[in-house]
Amino acid sequence: MNKLIKLSLILTPSIILIGCGSGGSDNNNEKQTIESALKISNAVYASPRSIEYSHKSRQVFTKKTKRIYNKITKITNNFEKETYPCDVSGNYEMEMINENSFYVTYNSCIAYNKDTQTNDFNNGTVSMSFDNETNTTKIKMEYYSSIEDYDNATEGTYYKDIFMSEHIEGKNITEFEIDGTIEYYNVNDLSVYETMTYSNLLMKENNATKAWFYKGGFYDKVGCFTQNHVYETDENDWLVENSKNSDYWSSGTLYVDSTRYVYSGDMVTVTKGDSKGTFKQQELIDELNKEKSSTDCDI
């Protein structure tokens, strides 16, 4: 179901819970308190790394929109709004603001995608601007619906009101920021099965070291599962992707609200207040998948 969540990476414990305190008869009570504070369900979180899907789909979309832009600028150099037919059905209107900025409004447009050799559906408004001097691309999508492989698709994506910005810094750092809500829906009955809301969420990728930095808010709701958190990566200890399993972090420190997650190999140490626990990442991934697939909303 979550093709968009490359790794909806989360954590889950191997349940080695470590507490502090004095000896004596109070130890058992203290241990119970620690276990309660750091049980698996409390350690699990929905990772904003699902943004990678949005990031990559944005790259594909940018490429497609730039192709339309380049095609149109060869036809006309004026800044009047023009309407063009789509390959299969529908049309799109384009209005150039200047040579590096334009609007496109898709009207039930079904067009052939030569890269995937499928017909894609687009409906809604997109604005885009390029700044070559600062290597920055900005995109805004308003009430925009996209369905890839329209003839066979069962799922679609709805960008309710999304702003995205990508900035290339130097040779290795790519900065990507997103704000707004994305919904994933079933094509047959238009029912929404997952909602993700990003609150000025910044993602940085070091292409050389495969390290990632996250900062901002992320809300995820699918079925009975709902989480809403604020994330911040340690500036001096970015999250490094595990070379053997991209679902794991091999190192790095991430704060989720007031809880700290320190990764090492396939393990993660979670510190929440005075409690600390060391968990296996796979256990947390399994627990997250369990929570997301649950149909018992009363739990």
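Biologist: What makes up the protein chain in terms of helices and strands?

Modeller: The protein chain has four helices and 16 strands. Of its 299 residues, 45% count as buried.

Biologist: How do you know where confidence is lowest and where it is highest?

Modeller: By the mean pLDDT of each element: strand β1 (residues 16-18) has the lowest, at 22, and strand β13 (residues 249-256) the highest, at 95. Over the protein chain the mean pLDDT is 78, and 75% of the residues reach 70 or more.

Biologist: Which residues have pLDDT under 50, and how many contacts does the model have for them?

Modeller: Residues 1-37 stay under 50, and the model has 102 contacts for them beyond four places in sequence. Where pLDDT is low, the predicted coordinates should not be read in detail.

Biologist: Why is the pair Lys204 and Glu175 called a salt bridge?

Modeller: The closest N and O atoms of Lys204 and Glu175 are 3.9 Å apart. The cut-off is within 4 Å, between a side-chain nitrogen of Lys or Arg and a carboxyl oxygen of Asp or Glu. The pair therefore counts as a salt bridge. Lys204 lies in strand β9 (residues 192-206) and Glu175 in strand β8 (residues 173-186), so the pair ties together parts 29 residues apart in sequence.

Biologist: Why is Lys204 called buried?

Modeller: Lys204 has 16% relative accessibility. Buried means under 20%, so Lys204 counts as buried.

Biologist: What makes Glu194, Asp220 and Lys292 one network?

Modeller: The salt bridges joining them share partners. Lys292 meets Glu194 at 3.6 Å, N to O, and Lys292 also meets Asp220 at 2.8 Å, N to O. Both distances are within 4 Å, so both pairs count as salt bridges. A search of the whole structure finds five salt bridges.

Biologist: Where in the chain do the partners of Lys292 lie?

Modeller: Lys292 is in helix α4 (residues 281-293) and Glu194 in strand β9, 98 residues apart. Asp220 lies in strand β10 (residues 211-222), so its pair with Lys292 ties together parts that are 72 residues apart in sequence.

Biologist: How do you know whether Lys292 and Glu194 are buried or exposed?

Modeller: Lys292 has a relative accessible area of 7%, and Glu194 is at 1%. Each value is under 20%, so each residue counts as buried. Asp220 is buried as well.

Biologist: Why is Tyr150 called partly exposed?

Modeller: Tyr150 has a relative accessible area of 34%. Buried is under 20% and exposed is over 50%, so a value in between counts as partly exposed. Tyr150 is found in the loop between β6 and β7 (155-169).

Biologist: What does Tyr150 contact, leaving aside neighbours within four places in sequence?

Modeller: Tyr150 is in contact with Ile110, Asn119, Asp120 and Phe121. The C-alpha atoms of Tyr150 and Tyr112, 38 residues apart along the chain, are separated by 9.9 Å.

Biologist: Is Ser146 buried or exposed, and what makes it so?

Modeller: Ser146 is at 15% relative accessibility, which is under 20%, so Ser146 counts as buried. Ser146 is found in strand β6 (residues 136-147). Not counting residues up to four places away in sequence, Ser146 touches Phe121, Asn122, Gly156, Thr157, Tyr159 and Tyr185.

Definitions and conventions: Residues numbered from 1 in each chain as written. Predicted model: local features only at pLDDT ≥ 70, side-chain atom pairs only at ≥ 80, totals over all residues. Heavy atoms only, no water. Helix = DSSP H or I, 4+ residues; strand = E, 2+ residues; numbered from the N terminus. Buried < 20%, exposed > 50% of the residue type's maximum accessible area, 1.4 Å probe, protein only. Contact = heavy atoms within 4.5 Å. pLDDT = per-residue confidence, 0-100.
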